[in-house]
Amino acid sequence: MTDRIAPLASRPAWKALQQHADTLRPQHLRDIFQADPSRGSRFTAQACGLFLDYSKNRITDETLKLLIELAHQSGLRERAEAMFTGKKINTTENRAVLHVALRAPRSESILVDGEDVVPGVHQVLDKMAAFAEQIRSGAWLGYTGKPIRNIVNIGIGGSDLGPVMAYEALRHYSRRDLNFRFVSNVDGTDFAEAVRDFHPEETLFLVASKTFTTLETMTNAHSARAWTLGRLKQTEAIARHFAAISTNAEAVTKFGIDTANMFGFWDWVGGRYSMDSAIGLSTMIAIGPENFRSLLEGFHAMDVHFRTAPLEKNLPALLGLLTVWYTNFFHAQTVAILPYEQYLKRFPAYLQQLTMESNGKHVTLDGTEVQADTGPIYWGEPGTNGQHSFYQLIHQGTRLIPCDFIGFYKSINPLGRHHDMLMANVFAQAEALAFGKTAAEVRAEGVPEPLVPHKVFAGNRPSNILLAERLTPYTLGTLVALYEHSVFTQGAIWSIDSFDQWGVELGKVLAQRILGEIESPSEPSLAHDTSTSNLVRLYRSQR
Ligand code: F6P
């Protein structure tokens, strides 16, 4: 499929965008808005309950037209269709990319190697629902006959960030009489703090690992096993206090977890795209199967929108194309994710893996160097905290940082004027970023001349505003799928494999080697560079 696609720099729309960017860069959003009175309402799009205002971007109708041409010339539509129909678009791992199947309704069918994967997805969902209900109702008893009160998810990367983010985001919908904790780091403190006030009799561990080989997760899982057996003594207790979420049944059995308590998924689900698979078991236990289904419906609604809506009205495509625009034509290096919703406090961290593990690539699908910068750095914090921390740099620093503001019409916790104040800040920040404050305006306020340059806001700093009614499981599903497909759009333009992650391998291999050296009873012969060898020697002598 990629054979037909010309290298990025020789696509006609790419060349046209380069010229167009040269004419647009000197223009200020103040003038762009003045020249086009309908812009504020026209450069908007809505779908699946999300409203996107992208008018405060440094774009014109011409920019949009060219970006959409670029999407077509890059085969975005064909590539998306290949994903939705189970083609092996993750070519370096020879795998289909079918997180969209995780939220497909029962009635759909999606074939991978001639086999419909949708019935299997629903079988697992049903099994998860039955298990979740048992925990939630207190019917599932621990080894000594006590109901489970504490659920500890052990996983890392996609097997942690999605579950943590979703738990925090949907806390309002979760069972408050159950405690949820998440252990990811191999730093023993993470495990120790997670269980310090828990009793094994009432604690259930969910060991979440696609491969069931990840060093951090396996180490934590073994510590959890030892902690459980330390009190409950009998190995039969493990079956009542451990469940596994994995694609690797053999390793799960070897660990001693009953495969009856194993929830499977498939190699066509990438770790960072797995929060709506069995990896979401902790989420389902917290919010209940019905809310989990509503989360999946949100995901699915956005999938359908991405697959079918014209690109000019397609939220994920627009977000993705705008990111390409700033990354490649304005040399922006980052994107700030600024949720004005406290429950979304882990959303930026979640998006970091989704976006950067996906698009942090330097070669195209055919192995040649990409002809432009790829994946920008995503980061952020919930508003308004960021305003009193790093917004200074966004407003007056020397870098261009496109921002995504996320807000809601209604608060889950209405409290006096809090929500109106919160939302006033969203609109004010985006306005200040775009339009700034000129020297003339500063002087008119009577500011002494030496201070004028310090008080000028250049403006012309782009942002998107995403609004929805209220943060619900459904809305969360739409938001996550929105960014998944934005990442997809970016990857398609750059012709990279957004679904592998070879870059994490080297560090893992070297860590295993160094661990052996650190633990060696005799002095190891170290053949690293002089810095690494010296550090290993120092650590061995001081540990
Ligand atoms: O090392 C990176 C990674 O492979 C991620 O892609 C993945 O989400 C994480 O490790 C955890 O992997 P697993 O679920 O197999 O333990």
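Strand 1 (residues 44–47) and strand 2 (residues 50–53) run antiparallel and are joined by four bridges. Strands here are DSSP runs of E with at least two residues, helices are runs of H or I with at least four residues, and both are numbered from the N terminus. Two strands pair if DSSP finds at least two bridges between them. Two residues sit between the strands, and cysteine 48 takes a positive phi near 55 degrees. Strand 2 is also joined to strand 13 (residues 463–468) by three bridges, and these two run antiparallel. There, leucine 52 has leucine 466 of strand 13 as its bridge partner.

A word on what you are looking at: this is a predicted model, in which local features need pLDDT of at least 70, side-chain atom pairs count only at pLDDT 80 or more, and totals for chains, interfaces and linings use all residues. Residues are numbered from 1 along each chain as its sequence is written, and side-chain values use heavy atoms, with hydrogens and water left out.

Now to the ligand. Of the 14 residues around the ligand (a heavy atom within 4 Å), Ser159, Ser209, Thr211, Thr214 and Glu357 come nearest. The table lists polar contacts, meaning pairs of N or O atoms within 3.5 Å.

| Side chain | Distance to a ligand oxygen atom |
|---|---|
| Serine 159 | 2.7 Å |
| Threonine 211 | 2.6 Å |
| Threonine 214 | 2.5 Å |

Taken alone, the ligand exposes 400 Å², and the protein buries 88% of that; the areas come from the Shrake-Rupley method with a 1.4 Å probe.

Which residues of helix 8 (residues 188–195) are buried? They are Phe191, Ala194 and Val195, where buried means under 20% relative accessible area (1.4 Å probe, protein chains only). These residues cover an arc of only 80 degrees around the axis, so they lie on the same side of helix 8; the arc is that of the directions from the helix axis to the C-beta atoms. They pack against strand 6 (179–183), strand 7 (203–208) and helix 9 (215–232).

Finally, have a look at asparagine 328, which is found in helix 14 (residues 315–329). Asparagine 328 counts as buried because its relative accessibility is 8%. Beyond its neighbours within four places in sequence, asparagine 328 is in contact (heavy atoms within 4.5 Å) with Trp14, Ala372, Asp373 and Trp494. Its side chain reaches the backbone oxygen of aspartate 373 at 2.8 Å. Asparagine 328 and glutamine 18 are 310 residues apart in sequence, yet 9.1 Å apart in space, C-alpha to C-alpha.

Definitions and conventions
Buried < 20%, exposed > 50% of the residue type's maximum accessible area, 1.4 Å probe, protein only. Polar contact = N/O pair within 3.5 Å; in protein donor to acceptor, adjacent residues only side chain to side chain.
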